[in-house]
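I opened my notebook to go through this entry.

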Amino acid sequence: MRILLLGSGGREHALAWKLNQSVWTNPLYIAPGNPGTAKHGINVPLDITDFDAIRKFCISEKIEMVIVGPEEPLVNGLYDYFKATEELQKIYFIGPSKKGAQLEGSKAFAKAFMKRHAIPTANYKEFTIDNYEEGLKYLQQHPLPIVLKADGLAAGKGVMICQSYVEAVAEFELMIQEAKFGEASKKVVVEDFLSGIELSVFAITDGKNYLILPEAKDYKRIGEGDKGLMTGGMGAVSPVPFATPGFMFKVEERIIKPTINGLFKEGIEYTGFVFFGLINVNGDPYVIEYNCRMGDPETEVVIPRLETDLVGICIAATQQELDKVVMRTDIRAAATIVAVSRGYPTGYEKGYEISGLDGKYGKQSMIFHAGTKEDDKKNIVTNGGRVLCVTSFGEDIEDAVNTSLDVLDHIDYDGMFYRTDIGYEFIPPKPGETQKK
Ligand SMILES: Nc1ncnc2c1ncn2[C@@H]1O[C@H](COP(=O)(O)OP(=O)(O)OP(=O)(O)O)[C@@H](O)[C@H]1O
Ligand SMILES: [Mg+2]
């Protein structure tokens, strides 16, 4: 199977690592990839927003399957472009239609979809310039905290949890009147604050059937104890101890089945990954958000725990035969710790040489490249806010985290920073310590 994987981050390195293990893969191209993906396939300098360039590449290299890593090409309609282009129609495509990608591309679309299919989520209202005054009144009478979300894609920065009316009104004005996030905040979703612990659940669907992948929990805040600014993700663990069979039964019955059935009933073409951003509120799951692709850094723990051939799963998805696939999962725990650049997520410099990447770290650990590049002396240097994701297996989460911390002890670059408390809720306190909350 001649495969093209789109993307260039830690998620794509983990996917490339897995795809390369498949009996089907031959060869694997990654566009544009990074120095890490180059170990598992052929990086090609394609711009993933340039559909015409992707078309030309797929034809010249006789590509048989395309797997899309990040959301942008999907929200921009790459699937629809493939289906509308004769030479590309036969290519197996892993990623939803433009309409399906709206589950991520539009918060308002996703909320309305959940309402239509009685999927549990926070109560909400949507506002634009047309009902702006009504919005201000709604904010005034709304209990605190209030959650404001830019409707469109905002690179993970479009959500405000407002602790006061002053803050809520100011953000509301910035979003709608001042176009804080451009087109993306012309419409704003105002929703109730849900209090609980979050987790990420992943499924792959063929539009009718679905397979549930291992779940994960990520850590978004830059600082220890979940303090400080939101980031793209500082780490993740899998499995999630409170995602018991009983809890996951609720997730499947109340959220996954109605979502897949809803897409099918509404004739929305969706072959690919569905990322359910959930929150556990006193034992009951609620949807915080959908993403129409795998998460990052969750992929770096979920995909290593997957034992079933990933290309086999993708082929079955494009043939609507996922009901024939048996999902096998590694029982070991996995933890990934993200090493970032000094100053991330606000401002950071690039180009620092990374040492220790060639160390012998044993089969239980993998170093996935998130933001790196090769300099003209062939050294691997930093090239992003998030630089490396160090994933390790372990008997339990504590063991996996400690193994990744040991690996990170041998890696270095100027300004390297990472959290040492990934998975803290699930690690019993040492004698004399209190349980971190
Ligand atoms: N209704 C809510 N109640 C409590 N917290 C919320 C709520 N909605 C969002 N959040 C918090 O804000 C974070 C970001 O919200 P959301 O996931 O909807 O935005 P996003 O920008 O799409 O994020 P991502 O980059 O993870 O896709 C959530 O992970 C959660 O911590
Ligand atoms: Mg999102």
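**Salt bridges**

I started with Lys378, which pairs with Glu374 in a salt bridge, the closest N and O atoms being 3.4 Å apart. I note that the model is predicted. Lys378 has a relative accessible area of 62%, so I marked Lys378 as exposed, the cut-off being over 50%. Glu374, at 43% relative accessibility, is partly exposed.

I then looked up Arg11 and Glu12, whose side chains meet in a salt bridge at 2.7 Å, N to O. Both Arg11 and Glu12 are buried.

Next I checked Asp414, which forms a salt bridge with Arg342, with 2.8 Å between the closest N and O atoms. Asp414 sits in the segment after α12 (397–408) and Arg342 in the loop between β16 (333–340) and β17 (365–369), so this pair ties together parts 72 residues apart in sequence. Asp414 is partly exposed at 41%.

I also found a salt-bridge network linking Asp52, Arg55, Lys56 and Glu87. The salt-bridge count came to 26.

**Packing**

I turned to the largest nonpolar core, which holds 125 residues. Leu4, Val66, Tyr290 and Ile411 touch the most other members. I listed contacts of Tyr290, including Leu103, Phe113, Met114 and Phe276. Apart from this core lies another of 19 residues, among them Tyr138 and Met175.

Val159 belongs to strand β8 (residues 159–162) and is partly exposed at 37% relative accessibility.

Key. Residues are numbered from 1 along each chain as its sequence is written. Chains are lettered from A and ligands numbered from 1 in the order in which they are written. This is a predicted model: local features need pLDDT of at least 70, side-chain atom pairs count only at pLDDT 80 or more; totals for chains, interfaces and linings use all residues. Side-chain values use heavy atoms; hydrogens and water are left out. A nonpolar core is a set of buried Ala, Val, Leu, Ile, Met, Phe, Trp, Tyr and Cys residues joined through side-chain atoms within 4.5 Å. Buried means under 20% relative accessible area, exposed over 50%, partly exposed in between (1.4 Å probe, protein chains only). Contact means heavy atoms within 4.5 Å. Helices (H or I, at least four residues) and strands (E, at least two) are DSSP runs, numbered from the N terminus. A salt bridge is a side-chain nitrogen of Lys or Arg within 4 Å of a carboxyl oxygen of Asp or Glu. Lists of a residue's contacts leave out its neighbours within four places in sequence.
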